[in-house]
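Biologist: I am new to this structure. Please show it to me, and then let us go through the terms used for it.

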Amino acid sequence: MALNVNENTHPVPDDVAADIVARVATAIGGVNRYPDREFTELRESLAHYLGHGLTPENIWAANGSNEVIQQILQAFGGPGRSLLGFTPTYSMYPLLASGTGTVWLAGARDAEFELSPETAVAEITRLDPDIVILCAPNNPTGTPLSLETIAAAYDAARGMVVVDEAYAEFMPEGEPSALTLLPGRPRLLVSRTMSKAFAFAGARVGYLAADPAAVDALRLVRLPYHLSALTQAAAVGALAHSDEMLGMVGEIRVQRDRLVRELAGLGYRPHRSGSNFVLFGGVADPHATFEALLAQGVLIRDVGIPGHLRVTAGTEAETTAFLTALASLGRPDGAQSSAAAPVGSES
Ligand SMILES: *Cc1c(COP(=O)(O)O)cnc(C)c1O
């Protein structure tokens, strides 16, 4: 089973899939024509889904949030400009920077991969970037980010500040999004994706909310008709069923919290996570553990952080299979295993 790239391991529900297929079938009838280049209906659906008083003028979308971030760098970065991220963070940021000729600046985090307002401001002051990108919650560490840090980073930065909320829907219920910071902050861009919580990774739909002027700047760099009529129809269909599409988020959060709890019980050091995956330390030889799990049919991720591995929260059965396979490798601290004892054993 694949628990390596933070996909939603639950498929699109059958009734939603049927509605999406019907909408795509209708769209096929018109594919001799170019699609709506302003993807107006999709922007209306996304504004409605996000709420927070946002209107279609605040919304942009592209083929995955990777493309959204690439377009941000094409519009606001490029030769002679720089992008600051706080490492370890999403591995695509330096690649997208390099592809657009933007200089990548690696800022430091605090202990346990946290990012305080003071550290964010100090790094922005030290490195003076043109663009700042904050991954909230952060991939690959899972670390949530406070609104205080985002607001402080915004005040310290002289250019655009991007908050990548790819995992926003997995945050604890009621936790505020950076969307709440948008009013009065014209340099703030909040990017989202349908790839994770929406179980729509294969459809390639990412989007952002920002001041209409920032959205306009992206119109200058996108290719004409960059979102196909089929993508637009499928995304509008999925958004019409957002409650059902997001129905598994609660269950995934339960498995995520279970991973944190049980990994600690097995003697590892899981980090706190607001996403659908958990980074855990205390792994003596990550490569060997990765290979041993793979031999048992469980694919997780070695993200290159010494002593750590990352695992995606799957279905209950997948999470159980991962924990059972890991327990079978013995405790990392060499202590007597209780968690690994077979069900029904006395000790
Ligand atoms: C998965 C992920 C994305 C999403 O990429 P898509 O192109 O929308 O599939 C963006 N940012 C982060 C941090 C991610 O982990």
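Biologist: Why are helix 10 and helix 12 called roughly parallel to each other?

Modeller: The axes of helix 10 (residues 249–265) and helix 12 (residues 316–327) cross at roughly 15° and come within 10 Å. Angles under 35 degrees count as roughly parallel, and helix 10 and helix 12 are therefore described in that way. The model is predicted, so local features need pLDDT of at least 70, side-chain atom pairs count only at pLDDT 80 or more, and totals for chains, interfaces and linings use all residues. Residues are numbered from 1 along each chain as its sequence is written, and side-chain values use heavy atoms, leaving out hydrogens and water.

Biologist: What makes helix 2 roughly parallel to helix 8?

Modeller: The axes of helix 2 (residues 40–50) and helix 8 (residues 229–240) come within 9 Å and cross at roughly 25°. That angle makes helix 2 roughly parallel to helix 8.

Biologist: Which residues make the contact between helix 2 and helix 8?

Modeller: Helix 2 contributes E41, L42, S45, L46 and Y49, and helix 8 contributes A235, V236 and L239; contact means heavy atoms within 4.5 Å. By class, 6 are nonpolar, 1 is polar and 1 is charged.

Note on methods. Axes fitted to C-alpha atoms, helices over the stretch in contact; angles between N-to-C directions. Helix = DSSP H or I, 4+ residues; strand = E, 2+ residues; numbered from the N terminus. Parallel < 35°, antiparallel > 145°, perpendicular 65-115°, else oblique. Nonpolar A, V, L, I, M, F, W, Y, C, P; charged D, E, K, R; others polar.
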